[in-house]
Amino acid sequence: MRTPVCESFGLEYPIFALSHCRDVVAAVSRAGGMGVLGAIVFTPEELERELQWIDKNVDGKPYGVDVVIPAAYVGKAQGDLGKLDLEKLVPEEHTRFLEQLLDRYDVPPLPEDVPRFEGLLGWTASKGRALVDVAMGHPIKLLANALGPPPVDVIERAHAAGVQVAALVGRGDQALAQRDSGVDVIVAAGYEAGGHTGEVSTMVLVPEVVDAVAPLPVLAAGGIGSGRQMAAAMTLGAQGVWMGSIWLTTHENDWEQVIVERMLSATSSDTVRSRCVTGKPARMLRSGYTEAWDSAESPGTLPMPLQFLAGAEAEQRIRRAIQAGSSSGAELSITPVGQIVGSMKQVRPVRQVVSDLVDGYLDAMERMARLMEETE
Ligand SMILES: Cc1cc2nc3c(=O)[nH]c(=O)nc-3n(C[C@H](O)[C@H](O)[C@H](O)COP(=O)(O)O)c2cc1C
């Protein structure tokens with residue numbers, strides 16, 4: 001299964017893991033894959049702390065950082081509006097809708113002395129760039145970007161430091177734009193994927209992107225959770241796999257037990273693609289929160305980054321309620337995860353997930369080889 005991306009990144013297996021949890025990132029890299037830390041949830045100071053920890057715990061193995069520098073969002077034309085200006089653009093109706101929703105579920109307000117979180121507001125270029133500044137101060141091997149081509153100067157800066165750049169795409173034309181802007185690796189993320197995702201399925205998207213950008217390497221993402229699916233992705237022409245959901249039910253991941261249990265009991269039909277968290281379509285578990293935004297009373301979602309701003313405090317309140325053990329808080333939970341959640345039936349250590357993927361891949365390929373022999 002060694003492909004050119006293994007050579008160029010120094011990996012044992014072409015398995016890439018997007019996670020916001022540093023323990024998962026370091027564990028995947030130590031197991032022979034490439035952990036990629038999602039930086040969006042951190043302030044620059046927090047990201048610095050997380051990367052220092054990874055540097056100490058990754059045993060010198062390669063790892064990457066993922067930022068989000070969206071191509072389109074409110075305030076971009078004005079050179080990024082500040083938080084206060086953006087907040088003025090959130091209609092009163094949206095704030096009221098969320099207040100009423102949280103009241104209905106008995107989710108307590110935030111105490112005055114609890115700081116309102118800022119870190120998640122990475123949904124603008126200036127915030128994304130501040131995270132790139134931090135990431136470039138560490139020995140990363142890969143800088144990934146979602147929601148549009150990374151700015152050319154960011155790509156040039158990474159290349160000058162010997163860091164390869166990856167970009168996530170959900171359509172063939174997006175892949176071509178990424179190739180033209182100088183990206184080194186394309187991640188083709190299909191409809192099944194957790195988090196932000198487009199409308200084309202992985203099965204259709206991967207070969208389309210592989211053909212469009214050849215000879216650039218393509219990683220397949222969306223709906224991959226087993227060695228069989230990895231073998232399918234490689235058969236479609238991908239040089240490796242990029243996975244987000246599967247790590248959410250590992251020992252190393254830091255999510256609350258009640259959320260892990262919701263994932264373990266979910267079926268592949270229990271996710272929805274919704275704009276309710278960031279304003280762009282993202283896949284997550286169906287919950288009271290997603291249903292409310294889809295209901296007749298919903299004021300409708302706002303464009304990025306206003307939707308995130310509108311819901312930031314609600315999200316923080318829900319998280320605190322979940323941590324305090326409230327079951328109604330859990331009913332409102334915002335849980336990004338892909339359709340593969342239906343196959344995530346046990347909690348495993350990261351190392352086991354990686355070895356199960358490798359074993360399953362080898363079994364699948366042997367089965368195919370036997371089929372070939374039988375046909376000859
Ligand atoms: C919990 C979660 C958080 C995610 N956060 C990010 C992110 O910050 N940046 C990003 O580029 N992709 C993010 N993604 C999307 C992944 O990069 C990837 O496209 C997706 O997980 C692949 O499909 P899968 O979930 O079926 O493995 C996230 C996915 C999940 C499940």
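**Notes on the predicted model**

1. Gly 311 lies in helix 13, which spans residues 306-323, and this placement, like everything below, is read from a predicted model. Is Gly 311 buried or exposed? It counts as buried because 25 C-beta neighbours fall inside 10 Å, where the cut-off for a buried residue is 20 or more.

2. Leaving out residues up to four places away in sequence, Gly 311 touches Leu 98 and Val 277. Thr 278 stands 33 residues from Gly 311 along the chain, and the C-alpha atoms of these two residues are separated by 8.6 Å.

3. As a general background, nonpolar side chains in soluble globular proteins tend to be buried together.

4. Eight of them form a closed barrel in the order 1-2-3-4-5-6-8-9, and the pairing is parallel. On average, neighbouring strands of this sheet are turned by 25° against each other when direction is ignored. Strand 1, residues 15-19, pairs with strand 9 in the parallel sense over three bridges, and Phe 16 has Trp 242 of strand 9 as its bridge partner.

5. Helix 2, residues 22-30, packs on the sheet and touches strand 1, strand 2 and strand 3, while its direction makes about 160° with that of strand 2. Helix 2 is mostly covered, with seven of its nine residues buried; these are Arg 22, Val 24, Val 25, Ala 26, Ala 27, Val 28 and Ser 29. The buried residues of helix 2 pack against strand 1, strand 2, strand 3, helix 3 (44-57) and helix 15 (350-375). Just after helix 2, Gly 32 takes a positive phi of about 110°.

6. Which residues come nearest to the ligand? Among the 26 residues around the ligand, they are Ala 193, Gly 194, Gly 195, Gly 244 and Gly 338. Strand 3 (63-68), strand 4 (142-146) and strand 9 (240-243) are the elements that give two or more residues to this shell.

Terms used:
Residues are numbered from 1 along each chain as its sequence is written. This is a predicted model: local features need pLDDT of at least 70, side-chain atom pairs count only at pLDDT 80 or more; totals for chains, interfaces and linings use all residues. A residue is near a molecule or strand if its C-beta atom, placed from the backbone, lies within 6 Å of it. Helices (H or I, at least four residues) and strands (E, at least two) are DSSP runs, numbered from the N terminus. A residue is buried if 20 or more other C-beta atoms lie within 10 Å of its own, exposed if 12 or fewer, and partly exposed in between; C-beta atoms are placed from the backbone. Two residues are in contact if their C-beta atoms, placed from the backbone, lie within 7 Å. Two strands pair if DSSP finds at least two bridges between them. Axes are lines fitted to C-alpha atoms, for helices over the stretch in contact, and angles run from 0 to 180 degrees between N-to-C directions.
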